[in-house]
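Please look through the sequence and the model below before reading on.

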Amino acid sequence: MTETTQNHPPSPRSTSPDTAPLNGADLKRRNNQVIYLLLAATFVVFLNETIMNVALVPLMNDLSIDESTVQWLSTSFMLTMAVIIPTTGFLLQRLTTRQVFILAMTLFSIGTALAVVSPGFSVLLIARIIQASGTAIMMPLLMTTIMQLVPAESRGRTMGNISIVISVAPAIGPTIAGVILSLGSWRWMFGVVLPIALIMLAVGIRWVRNVNEPGHAPLDLTSVVLSAFGFSGLVFGLSQMAHSSTGGSAWVLVISLAVGIAALAGFVFRQLRLQRKDEALLDLRTFRNGSFTATVVMMMIAMMALFGTIILLPIYLQKVLHVENLWVGLLLLPGGLLMGLSAPIVGRLYDKYGPRPLIVPGTIVVTASLWLLATVSATTSPYYVLAMHMLLSLGLGLTFTPLFTAGLSSLEPKLYSHGSATVGTVQQVAGAAGTALFIAVMSSTTAGLTSSGANLEVATAGGIRAAFMIGAILFTVNIVIGFFISKPENAEATH
């Protein structure tokens with residue numbers, strides 16, 4: 001029995017619907033090829049997700065928009081992913097691996113092409129939403145495929161290797177953006193990504209093979225509508241905090257949050273009914289598993305703090321310390337590389353010792369770095385920011401791989417696709433909410449300090465300090481939860 005199939009030996013039809021039955025060596029080689037191609041495609045879409053952060057200030061100047069508006073280029077991306085990801089459970093059961101891959105990369109390529117030629121903010125926002133639709137499909141496809149093909153005892157190492165891609169791509173995204181912005185227009189950020197995406201699409205059409213057997217899977221449109229209104233209402237409401245604190249309508253905030261909460265309540269109620277017949281869009285029976293629930297809560301807090309922080313750092317470096325675009329990207333590069341290079345080591349340590357010895361010190365390190373970032377001022381050295389970002393990245397490197405692996409491995413195999421979709425949804429909603437919340441805190445605090453007579457740099461630094469403090473408080477909760485995370489003991493066998 002090969003390593004990639006010893007837990008779930010698939011039938012010839014289920015492992016390769018479009019080819020003849022494979023022997024052990026060929027099957028392992030085919031499975032590894034699929035994983036590597038999905039990893040490469042994920043690298044491309046994750047590169048795109050963070051390439052915008054350094055461009056926010058130039059976009060504000062070029063398009064004559066403020067922080068609360070420009071952040072929607074990032075927030076809408078994550079929000080769209082949160083709306084689309086719950087439907088990926090349906091897609092992964094209804095379509096073949098190859099079909100899902102082609103759909104994801106086609107949407108991403110169309111969105112990237114539209115961004116290159118967009119004449120203004122509105123079209124650029126639509127382009128980001130189309131890009132996000134493709135990205136939303138790719139990540140659950142990767143995670144579910146790995147859970148199907150990689151045995152439990154090797155998942156830590158495999159997830160560690162995945163973390164290299166997931167960490168290095170966001171790390172070099174701001175650096176590439178900084179180089180491009182120092183040479184020309186922000187449009188070229190998408191112009192660089194577009195040919196890479198098209199090449200990945202062509203390679204996928206030629207080489208991606210099916211590792212699943214499509215079957216009947218219902219798509220409940222009511223659930224899709226409820227999830228869309230629920231997630232968008234919450235995040236839009238949070239984004240309005242900045243406007244209401246600076247003279248905007250408080251009623252917009254209240255109505256948005258009320259619609260979001262009501263729609264999410266309806267979504268949860270409907271899933272509880274549909275899952276009795278195994279027809280739920282997002283099967284919430286995953287939350288009956290205490291380990292999975294704990295890891296999801298930790299990831300939610302971590303993503304709020306992480307995405308809020310990574311959108312603030314470029315704004316702080318550019319608007320307060322007046323660091324050039326190229327250097328902003330270079331200052332953020334070492335932290336991401338540190339996270340990526342440490343990932344294989346963290347994966348091997350997980351396989352040997354389990355998640356708790358990694359998660360607890362990781363959450364402590366992240367919390368400490370956020371508290372230290374909450375001390376920045378208008379005169380702080382950029383090298384202090386560099387050091388704190390590296391410390392933050394080290395802590396996250398110790399945290400994310402164990403959380404992903406422990407959470408999904410604790411589920412029974414039939415819930416893998418729903419677990420992956422749940423994790424992805426929570427990540428993106430939390431990231432979008434964190435981005436909106438941090439920008440709101442920064443904007444409202446900055447406006448208050450400006451009205452008190454502070455100059456723009458001092459006021460903005462004060463707003464960013466307040467936002468970092470929110471992140472530090474949020475992450476402190478994760479230290480406590482981390483003590484309750486343990487490695488599933490042969491989870492697949494127990495189910």
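Predicted model: local features only at pLDDT ≥ 70, side-chain atom pairs only at ≥ 80, totals over all residues.

Although Asp278 is not a glycine, its phi is positive, at about 55°.

Ser64 is exposed, with a relative accessible area of 67%.

Where in the chain is Ser256 found? Ser256 belongs to helix H12, which covers residues 250-274, and with a relative accessible area of 11% it falls under the 20% limit and so counts as buried. If its neighbours within four places in sequence are left aside, Ser256 is in contact with Gly233, Leu234, Phe236 and Gly237.

Ser133, for its part, lies in helix H8, residues 121-149, and it counts as buried at 14% relative accessibility. Once its neighbours within four places in sequence are set aside, the residues in contact with Ser133 are Thr80, Ile84 and Leu107.

**How H5 meets H17**

Helix H5, made up of residues 72-84, packs against helix H17, residues 416-451, with the two axes 8 Å apart and at an angle of about 155°. Angles over 145 degrees count as roughly antiparallel, and H5 and H17 are therefore roughly antiparallel to each other. The crossing in which H5 passes H17 is left-handed.

Which residues make this contact? From H5 come Thr75, Met78, Leu79, Met81 and Ala82, while H17 supplies Thr425, Gln428, Val429, Gly431, Ala432, Thr435 and Ala436. Sorted by class, the contact of H5 with H17 holds seven nonpolar and five polar residues, and no charged residues.

**The nonpolar cores**

The largest nonpolar core contains 131 residues, and Met105, Met138, Met189 and Leu312 are the ones with the most contacts inside it. Helix H13, which spans residues 290-320, gives the most to this core, contributing 20 residues. Apart from this core lies another, of nine residues, including Phe77, Ala132, Ala136 and Phe267.

Met189 can also be considered by itself: leaving aside neighbours within four places in sequence, Met189 is in contact with Ile51, Met52, Ala55, Ala177 and Ile180.

**The chain as a whole**

How many helices and strands does the chain have? The chain has 19 helices and zero strands. It comprises 495 residues, of which 59% count as buried. Among the contacts in the chain that join residues at least 6 apart in sequence, 84% are between residues at least 24 apart.

Notes: Residues numbered from 1 in each chain as written. Heavy atoms only, no water. Core = buried A, V, L, I, M, F, W, Y, C linked by side-chain atoms within 4.5 Å. Buried < 20%, exposed > 50% of the residue type's maximum accessible area, 1.4 Å probe, protein only. Helix = DSSP H or I, 4+ residues; strand = E, 2+ residues; numbered from the N terminus. Contact = heavy atoms within 4.5 Å. Axes fitted to C-alpha atoms, helices over the stretch in contact; angles between N-to-C directions. Parallel < 35°, antiparallel > 145°, perpendicular 65-115°, else oblique. Left-handed = near helix turned anticlockwise from the far one by under 90°. Nonpolar A, V, L, I, M, F, W, Y, C, P; charged D, E, K, R; others polar.
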